[in-house]
Amino acid sequence: MITLNKVIYRYSMADSEKSANLEEVMHFNLEIAKGERVVVVGPSGAGKSTLLNLIAGFIQPTSGEIILNHQNMANIPPGKRPVSMLFQENNLFEHLTVAQNVALGIKPSLKLSREEKQEVIDILSKVGLEKEVKRYPHQLSGGQKQRIALARSLIQHRPILLLDEPFSALDQALRFEMLDLVNHICEAFSLTLMMVSHYLDASLQQFNRCIVINDGTVIFNDEPAALYQPANQTVAELLRLKG
Amino acid sequence: MVPIKTLLPGMFAATTILLIIGVALSSLLIFAWHTGNIAIYFDAYLWHTLQITCLQAALSTLLSILAAIVMAKVLTLVDFRAKSLLLKIMSLTFFLPSLIVVTGIIAIYGQHGWLAKICHWFGLDLHISIYGLQGILLAHIFLNFPYACQLFYHTLMAVPSEQKKLASQLNFSHYIFFKIVEWPRLKRQLLPTALLIFMLCFSSFAIVLALGGGPKYTTIEVAIYQAIRDFELLQAIVLAGLQLICLFLLLVFSNKFNKNSGLNISSVPDDYKLPLSILGYVVTIFILTIGVLFILAPIVAIIVDGIYAFRWSLLTVPLGLAILYSLIIALGSAIVTLLLSLLLLWTNSRLLLKNCLRSSRNLMIVGNLVLMIPSMVLASGFFLIFFPYAEDPLFVSLLMIICNGLTALPFILRVLEIPMYDITRQYSHLAQLLKISGWRHFSIIEYRALKPLLVISFSFAFLLSLGDFGVIALFGEQSINGYSVTTLPYYLYEQIAHYQSGAVTALTLLLLSIALMIIIDRNRTHYDHTK
């Protein structure tokens, strides 16, 4: 489903102290099967978001293949990839209603047929917000906003869902509730999920697989429980996991 | 209660301002009262003037805004090395002396301008006269469009990169993205910007005088000037009254819409751009090139023509005198502006701190009163009272210092008002504990903390006065005996009006302005860093 084959991403970073440009290199090799739910963790700045941006197509790799649905998409624009992605914030357009925000996933022109309008309501009911169609994002709570963004990515019918710390701004209880919802949705729609998280608690166990990234490369790729095995002590120490 | 000691500086400044404006206005009114029949001046000419004034201002505003939106959009699509420099230049052309704008426009689009020369080289003969409505519009667009453009650009750049990423994932076209994401953000800024441009074009003087090409295209401001020159003083008063009413209405109107212009210009590095097709890229580069040429060509033309025309023999005594007068008058009016604004804001900050909102607002209205009263009205008022002294250089210089100082006041108040209040509030308790007050408070707290801002304000007031061509147009005309005051803009206007080459004069004025703008920019950067 998602294969990253010798993907190299070079970028230059301005170093304010030396006032010079430092070149950094990241390289990824990765294989994720259809329907898997993967959590991506690692220190900040390690390259977690870069990995997601490469898969979504917001940045292009210097070399290597990004194979999505058996097709190399390394140079395909984001709108033509089988991928939808959500961010920590700014997922909704504030001056559009809930229904309009979701409808953008069907047609950017917002001119929907009757069936398509019904589809919007149906998908909103899947995330429990069918009553809020006429409201605006600023009238909603943080959790509700993310549910609507989720509804929009569902209506796009794209088999890969990427989440870049989408629930980090929510409180603990709500975060677990949202994770349940995501798991449920991924199963119902048979989606492949990759989610960046900075939480290393019980939520890890909700995923089939955990990928740890450090210094622009994958240093651990196994099921979450394996993190606590003695063989992976260095990784656990890097993440400051408590056994 | 607010102690009288804190009220005194502001009261003093406010009284001075009211006195000056009051004297000028009442001299106009008394004169009108004594002369009687005003009705004869409410003729077709008056309405024609009003119509033309509104028409050219409306067209200038519309075209400037449209060009600004297109150019701002184009700028968000591509990155290039000199982009930040270009944006800086764009935010500064707004403050170029209007006669520099006139010279630059003539140098490019005039009969012997660069455009005509290039067309001639290609075998085309271009016979478009720059004088008339087209010249006025061109100059007004040149003056205002870059300023509006960089405002819009910062608004567009404030769109969160997440939303741009979502847009490209949702397959938005550039048109849809503009309609759904960018337009709603621009819309909030559109009306205040348009009103500002409209107001400036409405009371435009030098550009219309130099490029209007006769009485067919005249504005109220120019008509006042011509009425005074023809000694039709009563007509001048009617026109001045009309101008006053129009500006008052515009100000009331703009205050109504200006409530929420609190823009949060965040400089978050943008890390994503919507994908651009090859055709889109070509169109973008094409528009960008035209825009950059339009902005830079007149400035470059002044520099090149100035250097090309330079002869030592052109450094005449009149030019030297003009430079000297300009610098003295600009220095004087910058001091007046800074002094008045510091006195007003000293009291204002303390009133705000004591929660006396109404008194603070009244004080600020007095400071901004000059916005409503164009310098031509002010000058004509003084002209009537002090007509006998109109040939005394010392008196004319003093009058210009006061008029220019007052004209710059609202702009400087806008720069200093919030920082002055913030710094007073921030150290209010500390200053009380350490018993720092009065002059010592100013020298220890305001002066040291806000030094870059004070330099900016001073240079800004200096620049505005340096480029002013309003009051001097009235009083400079009396130079029969050759001992009268001339400033650089006046000298330049004389040369343009007599179809002489003003290249060297224009270059001098431009270089002085650029030097001031560099000082302003340096201190702005310095201030932003220390904040």
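A residue is taken as buried if 20 or more other C-beta atoms lie within 10 Å of its own. By this criterion, 42% of the 531 residues of chain B are buried. The model is predicted.

Chain B contains 22 helices and zero strands. Its C-alpha trace spans about 75 × 70 × 50 Å along the principal axes. The radius of gyration of chain B is 24 Å, in agreement with the value near 24 Å for a compact globule of 531 residues. Among contacts in chain B between residues at least 6 apart in sequence, 83% join residues at least 24 apart.

Chain B is divided into two parts: domain 1 (1–34 + 309–531) and domain 2 (39–302). The centres of domain 1 and domain 2 of chain B, taken over C-alpha atoms, are separated by 25 Å. To their contact, domain 1 of chain B supplies 32 residues and domain 2 of chain B supplies 30 residues. On the domain 1 side, the elements giving two or more residues are α1 (4–35), α15 (375–385), α19 (451–466), α20 (471–476), α21 (488–497) and α22 (503–530) of chain B. The most comes from α22(B), with seven residues. By residue class, the side of domain 1 of chain B that touches domain 2 comprises 25 nonpolar, five polar and two charged residues.

The largest nonpolar core has 143 residues. Those with the most contacts inside this core are B:Ala68, B:Val102, B:Ile105, B:Ala139 and B:Ile224. At least three residues of the core come from each of domain 1 and domain 2 of chain B. B:Val102 illustrates the packing. Leaving aside residues up to four places away in sequence, B:Val102 touches B:Ala139, B:Ala206, B:Ile207, B:Ala210, B:Leu211 and B:Ile496.

The contact between the chains was examined next. Chain A contributes 17 residues and chain B contributes 16 residues. On the side of chain A that touches chain B, nine residues are nonpolar, seven are polar and one is charged.

Note on methods:
Residues are numbered from 1 along each chain as its sequence is written. Chains are lettered from A and ligands numbered from 1 in the order in which they are written. This is a predicted model: local features need pLDDT of at least 70, side-chain atom pairs count only at pLDDT 80 or more; totals for chains, interfaces and linings use all residues. A nonpolar core is a set of buried Ala, Val, Leu, Ile, Met, Phe, Trp, Tyr and Cys residues joined through C-beta atoms within 7 Å. A residue is buried if 20 or more other C-beta atoms lie within 10 Å of its own, exposed if 12 or fewer, and partly exposed in between; C-beta atoms are placed from the backbone. Domain bounds come from an automatic or database domain assignment. Two residues are in contact if their C-beta atoms, placed from the backbone, lie within 7 Å. Helices (H or I, at least four residues) and strands (E, at least two) are DSSP runs, numbered from the N terminus. The radius of gyration is taken over C-alpha atoms; the globule rule is 2.2 Å times the number of residues to the power 0.38. Ala, Val, Leu, Ile, Met, Phe, Trp, Tyr, Cys and Pro count as nonpolar, Asp, Glu, Lys and Arg as charged, and the others, Gly among them, as polar.
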